[in-house]
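Look over the sequence and the fold shown here.

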Amino acid sequence: HKEQLMSATIDDVGGILELIEPLEAEGTLVKRSRELLEVEIEQFNVIKKEDVIIACAALYPYREDKMAEMACVAIHAEYRDGNRGLVLLNHIKQQSRVEGIERIFVLTTHSLHWFREQGFYEIGVESLPMTKQSLYNYQRRSKILCVKV
């Protein structure tokens, strides 16, 4: 069965929650409520296989800074051996170019190695858009990685 990459719709909220809840429980992802997901659903891209969401990633643009945050990146445990993360990243880079975004950043506590393999490099909190700097959670001690699109 073919997998499809698409923009998420309100009907995908339940499937995204199922995908991200185990990762939230183990502390890999920051918890998101159903309400927040419903509000932000347009920022999400999903990969579906037979109507099941097996991967997702969100993109939050900071247009005045020509930057965007790639967030809530999740791939179903049974599908992590493929290149789905890369498929999502490439799609998000393409989307970003169209929107005039020059750099994508991620905050991560876990997937440093993978992001570095994709050309991301570490930056400091001070390099983030101002509005994001004020929201940075020092308790989580996330690394901030960035890549040019």
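A residue counts as buried when its relative accessible area is under 20%. This is a predicted model, and C56 is buried in it, with a relative accessible area of 0%. C72 is also buried, at 6% relative accessibility.

Now take the sulfur atoms of these cysteines. The cysteine sulfur closest to that of C56 belongs to C72, at 4.5 Å. A disulfide needs two cysteine sulfur atoms within 2.5 Å, so the pair is too far apart for a bond. Seen from C72, the closest cysteine sulfur is that of C56, again at 4.5 Å and too far for a bond. The disulfide count is zero.

Several elements give two or more residues each to the lining, among them helix 2 (34–40), strand 3 (52–62), helix 3 (84–98) and strand 5 (103–108). Strand 4 gives the most, with seven residues. By class, the lining has 20 nonpolar, eleven polar and eight charged residues.

Strand 5 takes us on to the pairing. It runs antiparallel to strand 7 (residues 143–148), over six bridges. Within strand 7, K148 stands opposite R103. Strand 7 also pairs with strand 6 (residues 121–123), again antiparallel, through three bridges. There I144 of strand 7 stands opposite I123. In a regular strand, side chains alternate between the two faces of the sheet.

Terms used:
Residues are numbered from 1 along each chain as its sequence is written. This is a predicted model: local features need pLDDT of at least 70, side-chain atom pairs count only at pLDDT 80 or more; totals for chains, interfaces and linings use all residues. Side-chain values use heavy atoms; hydrogens and water are left out. Helices (H or I, at least four residues) and strands (E, at least two) are DSSP runs, numbered from the N terminus. Ala, Val, Leu, Ile, Met, Phe, Trp, Tyr, Cys and Pro count as nonpolar, Asp, Glu, Lys and Arg as charged, and the others, Gly among them, as polar. Two strands pair if DSSP finds at least two bridges between them. Buried means under 20% relative accessible area, exposed over 50%, partly exposed in between (1.4 Å probe, protein chains only).
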